Amino acid sequence: MASPPLLLLFLLLSHASAAEYGDELLRRAWEEREWMVDARRRIHAHPELAFREHRTSALVREELECLGISHRAVAGTGVVADVGSGAAPFVALRADMDALPLQELVEWEHKSKVDGVMHACGHDVHTAMLLGAAKLLRQRKDQLKGTVRLLFQPAEEGGAGASHMIKEGALDGVEAIFAMHVDYRIPTGVIAAHPGPTQAAVCFFEAKIEGKTGMAETPHLNVDPIVAASFAIVSLQQLVSREDDPLHSQVVSVTYVKAGKALDATPAIVEFGGTLRSITTEGLYRLQKRVKEVVEGQVVVHRCKAAVEIKGDDYPMYPAVVNIGSCTTT
């Protein structure tokens with residue numbers, strides 16, 4: 001749990017050796033371990049979904065106030081706080097706070113008290129870790145040759161909380177940002193990282209195909225959007241297998257199809273949608289363009305009309321995450 005502040009302090013503290021600060025911070029982090037574990041368990045017992053993290057946000061603000069760290073609300077339930085000189089350089093640490101709509105089945109003392117909601121992805125841990133970082137940084141605020149911005153983000157599990165925070169100025173002036181994710185496969189106290197692309201660029205799309213409804217026994221009088229949608233969906237599967245370099249990771253997934261309910265009539269409209277992913281942001285833009293071209297082209301063959309939308313406000317496109325510099329596993 002001490003690892004995030006270690007990274008930042010090595011960057012911002014201008015005197016003494018990294019080894020000396022590493023030893024000191026690890027010692028102080030162990031002293032604060034029970035406090036962080038307690039914070040994590042309180043968050044875990046009261047999980048909240050995207051943009052409903054009111055209790056979690058209140059807990060974060062209460063702990064920051066106890067530490068004497070000023071803060072402000074962003075994106076509804078998000079929290080931003082600065083520690084240090086208040087001047088550049090600004091370096092950010094980020095953690096997410098929301099839970100998932102899942103039922104916790106493990107029986108233990110700190111089990112979720114909210115039916116159908118639980119912290120299944122570790123965001124309770126991330127929030128507690130960032131609070132721990134805040135405490136260690138606050139203890140050394142006069143030694144920081146710059147400012148560390150703490151970002152407690154809502155709505156990571158859908159809802160684009162990061163986008164809302166950015167729009168409200170959470171990253172203004174920030175020159176670098178650090179984030180991490182817990183992983184049960186990696187031993188406690190170990191950080192794994194690598195340079196280059198690490199998280200794919202992502203977006204979501206929806207397509208609406210319009211034909212002409214009619215009785216199923218007279219298909220020649222209808223314009224069948226189901227046939228058009230079927231050909232379009234099959235064609236989309238070839239965007240990766242036939243148009244992209246096999247060494248370049250991309251995904252095109254159609255995740256739902258909605259049409260009529262009648263057994264004896266052709267529907268007028270078929271809707272389908274899904275997600276696009278690419279290890280590079282440029283690759284995602286190419287996929288977006290080709291999805292529109294393929295769907296619109298296929299439906300013309302079948303005498304239908306089509307509209308393809310790349311989702312925006314509620315599901316904004318995320319660029320690829322690319323780690324810069326040299327990284328090693330320690």
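These are some friendly notes on the chain shown above, point by point.

1. **Ground rules.** This is a predicted model, in which local features need pLDDT of at least 70 and side-chain atom pairs count only at pLDDT 80 or more, while totals for chains, interfaces and linings use all residues. Residues are numbered from 1 along each chain as its sequence is written, and side-chain values use heavy atoms, with hydrogens and water left out.

2. **The chain as a whole.** You will find 9 helices and 13 strands here; these are DSSP runs (helices H or I, at least four residues; strands E, at least two), numbered from the N terminus. Taken along the principal axes, the C-alpha atoms fill a box of roughly 80 × 45 × 35 Å.

3. **Surface and burial.** The accessible surface of the chain is about 17500 Å², and 55% of that belongs to carbon and sulfur atoms; such areas come from the Shrake-Rupley method with a 1.4 Å probe, and for residues only the protein chains shown count as cover. Of the 330 residues, 41% count as buried (buried is under 20% relative accessible area, exposed over 50%, and partly exposed in between).

4. **Contacts along the sequence.** Among the contacts in the chain with a separation of 6 or more, 73% come from residues 24 or more positions apart. Contact here means heavy atoms within 4.5 Å.

5. **Helices α3 and α4.** Two packed helices are described by the angle between their axes and the distance between the axes. For α3 (residues 33–45) and α4 (residues 54–66), the angle is about 155 degrees and the axes are 10 Å apart. The axes are lines fitted to C-alpha atoms, for helices over the stretch in contact, with angles from 0 to 180 degrees between N-to-C directions. The two helices are therefore roughly antiparallel (over 145 degrees; under 35 is roughly parallel, 65 to 115 roughly perpendicular, and the rest oblique). In this contact W35, R42 and I43 of α3 meet T56, L59 and E63 of α4. Its residues divide into 3 nonpolar, 1 polar and 2 charged (Ala, Val, Leu, Ile, Met, Phe, Trp, Tyr, Cys and Pro are nonpolar, Asp, Glu, Lys and Arg charged, and the others, Gly among them, polar).

6. **Helices α4 and α5.** The axes of α4 and α5 (residues 123–139) come within 11 Å and cross at roughly 15 degrees, so α4 is roughly parallel to α5. The contact involves L59, V60, E63 and L64 from α4, with T127, L131 and A134 from α5. By class, that contact has 5 nonpolar, 1 polar and 1 charged residues.

7. **A look along α2.** A19 sits in helix α2 (residues 18–31) and counts as exposed, at 54% relative accessibility. From A19 to E31 is 12 residues in sequence and 19 Å in space, C-alpha to C-alpha.

8. **Backbone spots worth a look.** Most residues other than glycine have a negative phi, and most peptide bonds are trans. A cis peptide bond joins A88 and P89, with omega about 0 degrees, and P89 lies in the loop between β2 (78–84) and β3 (90–96). A75, in the loop between β1 (71–74) and β2, has a positive phi near 50 degrees and is buried, at 6% relative accessible area. R303 has a positive phi near 65 degrees. R303 belongs to the loop between α9 (281–301) and β12 (305–310) and is exposed, at 57% relative accessibility.

Terms used: Buried < 20%, exposed > 50% of the residue type's maximum accessible area, 1.4 Å probe, protein only.
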